[in-house]
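The sequence and the structure are shown first, and the description follows.

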Amino acid sequence: LPPSLSPTEPLRRTKMGPGRRLLLPLLAVAAFGDETTATNHRYCIVGAGPAGVQLGHFFFHAKRDYVIFEKNLRAGSFFEKYPRHRKLISLNKRNVRETRSEDFAFRHDWNTLIDVRDSSDRPAPMTARSKELFPHASILAEYLAEFAEEQKDHIHYNSTVSNISRAEGSTDFMVSVLRETGADLFRCGEVIMAHGLTRPRGASVMVDGHEHLTGYEELPESGEAFEGKAVMVLGQGNAAMETAQELQKYTAEVHLFARERQLPDGKMGVRFAYQTHYVGDIRAGRTTILDTYLLKSLDTFDFNAIRDDWRLVVVPCKAGKLCVWGVFGDDCLDKKCKDNHRKGGQNLKYSLPVAQVAKDSALHARFKQLQEKYGDEIVIEEREMSSETSKKELKELGIDPAVFENTFAELKVSSTVLHKNPRLTDEIADLRARNADHDNLRYPMDAVIRAFGWVMDTRMFDKSVQVNLTHRKKYPKISHSWDMEGVPGLYAAGTISHSLDFRKSAGGFIHGFRYTSRALFRLLEERNFGVEWPHVSFELEAKERSCSNKVAEESSAVVADGESSGSCSAGGVKSSAVEPFMAKLFERINGASGPYQMFEFLGDMVLFELHAGNWRARFLEEVPMTHFHERYQDQPRLTWVFKYNENFHGPMVLGPDRIGANQATEAHKSNFLHPHIAFFPAGAANATMKHWLVEDIFTQWGSPDDVEPMRKFLTRVVNAVMANRTGV
């Protein structure tokens with residue numbers, strides 16, 4: 001639904017795409033029909049953005065019954081408008097070394113979806129469509145529309161989902177859809193929300209006078225409309241930084257106001273992606289305002305201006321400009337203001353500082369005239385200049401304390417009188433600009449832009465479908481199998497599923513959620529059709545073994561002393577028995593793209609299983625780690641994931657100690673992204689054996705100092721498993 005529309009309001013004329021409008025009729029509930037006339041589908045996907053068409057692609061090739069509802073004219077339409085200034089921040093790395101695998105190359109293509117078709121049948125990937133490292137967003141929109149073309153019979157365009165409810169006496173869902181031809185009702189076995197974060201986060205809590213702000217979603221593509229203007233941008237995400245960067249080409253000044261964010265070390269500050277390894281933080285290519293701020297060119301970056309008890313008051317002034325003040329709860333002048341200061345109250349009564357002038361000056365006399373006219377709405381206070389530095393210290397610096405022995409008259413005005421008296425507001429604006437005490441808000445702004453990001457729109461959910469939100473109401477609460485908390489059968493896909501790895505991995509972005517969408521598909525295939533998770537199995541012992549079957553407790557000591565390839569370990573298995581298993585492990589580590597982009601969240605899991613008295617390793621690829629640990633906790637298992645050193649963040653990433661290790665014996669000290677392998681005995685929540693591969697800038701492992709320690713580690717693990725002939 002459009003941001004201005006609630007589920008209970010009648011539908012009006014609504015924009016459905018660039019240059020197009022769709023007239024949706026005013027409909028009563030009865031117009032949808034009843035449950036007996038509904039069209040039935042196994043899966044209903046809401047949204048034909050990248051996550052929706054990615055899931056649909058998997059369903060399509062599995063020949064499953066599904067439908068996608070898209071409110072706009074074609075798939076990927078989000079990118080026809082956003083980002084507003086049209087440059088993506090997702091990498092379009094076109095080339096890797098010739099010897100690398102296709103999946104390795106896919107690690108560095110952040111925009112193309114997973115495509116199971118033969119290469120000759122696939123639409124050209126993003127890397128073949130643009131040579132730009134950060135392409136124009138319209139190219140991505142075109143690619144997504146082409147990718148979705150094969151699903152045209154499954155996608156209902158110009159279809160707005162207006163209500164989702166539980167079917168009476170069933171676990172199914174009833175989905176009400178408004179279309180150009182009327183209203184339709186669908187009965188869905190399961191619903192997957194892939195509609196993204198579509199509702200701009202408002203500014204009412206942060207701004208008294210928020211109706212005077214310009215939303216990021218309202219901005220023109222070019223900043224040319226702001227030629228010569230002074231503009232304030234509220235926010236510190238990539239949308240705010242993108243906006244500031246575009247405006248800088250045209251404006252006189254850009255002032256970015258934001259709140260501090262928690263850093264990986266628990267402190268507060270600015271989150272730069274290169275320091276946090278999180279792609280959703282401020283990207284280096286968006287930081288030109290730091291140059292114009294710190295290299296003294298009139299722009300400002302006030303990254304900690306927005307605080308818990310602080311908000312802005314915005315009042316129109318000076319023929320189209322905006323006068324802006326920062327206020328605290330202590331600036332409230334009545335009970336209504338104090339009660340609503342932190343609740344988004346509007347038109348509240350605050351005391352606003354205007355100017356200070358020499359006592360008994362001509363301007364002081366003007367203050368008194370204003371006070372006589374407006375009564376207690378105007379306050380004049382006398383104050384002495386003061387210094388936090390002692391007179392002794394000033395004298396030691398060669399400063400005469402006597403120069404600060406002055407009395408000033410300070411003018412304060414109530415915000416309510418400004419709302420009622422535009423001419424007074426204009427005079428106040430002039431007084432403040434000339435006489436305020438170095439207040440960084442003293443000059444009027446030509447525009448104030450809200451860029452606080454987006455939240456999930458939940459207004460289509462009926463009271464029978466209670467979706468709970470998290471992360472300041474940005475994302476739905478979901479399990480590690482992507483179903484929404486307390487609503488079985490309702491799933492989150494794409495950006496809205498990012499609550500599971502927020503500020504950690506890439507699940508909120510195409511190069512992350514293309515893999516989590518595949519994992520969700522595989523879970524649904526398991527649950528609904530009995531299709532096993534993709535795996536390869538390896539026999540770990542032959543029926544006739546040449547090694548004696550000693551107790552596993554001896555294996556650790558023997559392996560620690562060293563053994564050559566093919567030698568006997570104390571557990572009764574030749575080290576050569578792990579060769580095929582190990583080869584598969586290195587193949588995945590050196591090429592797999594899913595665990596690389598969804599580091600620590602997705603990885604591979606090897607289950608050790610006893611079949612007819614012999615042990616087998618079942619190698620499961622690209623699994624959601626938390627969910628699979630819960631599922632298989634009663635089995636012995638080996639996992640590998642990519643990870644960074646937990647202390648590798650902040651200034652250290654460009655410091656002299658940024659490289660933690662460069663040899664295998666010190667691999668556990670690695671800082672940069674590196675593989676971590678761990679063994680969990682049956683029933684254990686924590687690993688009892690661990691192995692690291694040393695950080696490598698090329699992310700390639702396979703030299704002898706990688707292979708030999710890995711072979712011994714895996715042999716040790718297998719011997720420990722085989723010591724228990726019961727399999728538990």
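Where is the place of asparagine 158? Asparagine 158 is found in the loop between β5 (155–156) and β6 (159–166), where helices (H or I, at least four residues) and strands (E, at least two) are DSSP runs numbered from the N terminus.

## Basis of the model

The model is predicted, so local features need pLDDT of at least 70 and side-chain atom pairs count only at pLDDT 80 or more, while totals for chains, interfaces and linings use all residues. Residues are numbered from 1 along each chain as its sequence is written, and side-chain values use heavy atoms, with hydrogens and water left out.

## Overall form

The secondary structure of the chain amounts to 17 helices and 32 strands. The C-alpha trace spans about 105 × 80 × 50 Å along its principal axes. Of the 728 residues, 52% count as buried; here buried means under 20% relative accessible area, exposed means over 50%, and partly exposed lies in between (1.4 Å probe, protein chains only).

## Backbone features

Asparagine 158 has a positive phi of about 55° although it is not a glycine, and this residue is buried, with a relative accessible area of 14%. Histidine 277 also is not a glycine and has a positive phi, near 70°. Histidine 277 lies in the loop between α5 and α6 (288–294) and is buried at 17% relative accessible area.

The peptide bond from tyrosine 82 to proline 83 is cis, with omega near -10°. Proline 83 belongs to the loop between β4 (66–69) and α2 (102–106).

## Salt bridges

Side chains of opposite charge can pair when their charged atoms come close. A salt bridge is counted when a side-chain nitrogen of Lys or Arg is within 4 Å of a carboxyl oxygen of Asp or Glu, and by this rule the count is 36. One of them joins glutamate 217 and arginine 450, with the closest N and O atoms 2.8 Å apart. Glutamate 217 lies in the loop between β11 (214–215) and β12 (230–234) and arginine 450 in strand β22 (residues 447–450), so the pair ties together parts that are 233 residues apart in sequence. Glutamate 217 is buried, with a relative accessible area of 18%, and arginine 450 is buried at 13%.

Arginine 631 forms a salt bridge with glutamate 526, with 2.7 Å between the closest N and O atoms. Because arginine 631 is in helix α16 (residues 625–631) and glutamate 526 in helix α12 (residues 510–529), the pair ties together parts 105 residues apart in sequence. Arginine 631 is partly exposed, with a relative accessible area of 33%. In another salt bridge, glutamate 246 meets lysine 249 at 2.9 Å, N to O; glutamate 246 is buried at 11%, whereas lysine 249 is exposed at 58%. A network of salt bridges links Lys584, Glu587, Arg588, Asp604 and Glu621.

## Cavity and pocket

On a 1 Å grid over the protein atoms alone, a cavity is a set of points where a 1.4 Å probe fits but cannot get out, and a pocket is an open set with protein on both sides within 12 Å along at least five of seven lines; lining residues have an atom within 4 Å of a point. Grid points are joined across faces, edges and corners, and a volume is the space filled by probe spheres set on the points. The structure holds one cavity of 30 Å³ or more. The largest cavity has a volume of about 40 Å³, and its lining includes Glu217 and Arg450, the residues of the salt bridge described above.

The second largest pocket has a volume of about 830 Å³. Its lining has 32 residues, of which His108, Trp110, Tyr596, Tyr644 and Phe672 lie nearest its centre. The elements that give two or more residues to this lining are α5 (273–276) and α15 (594–597).

## A loop glycine

Glycine 223 is found in the loop between β11 and β12 and counts as buried at 0% relative accessibility. Glycine 223 and threonine 251 are 28 residues apart in sequence and 8.2 Å apart in space, C-alpha to C-alpha.
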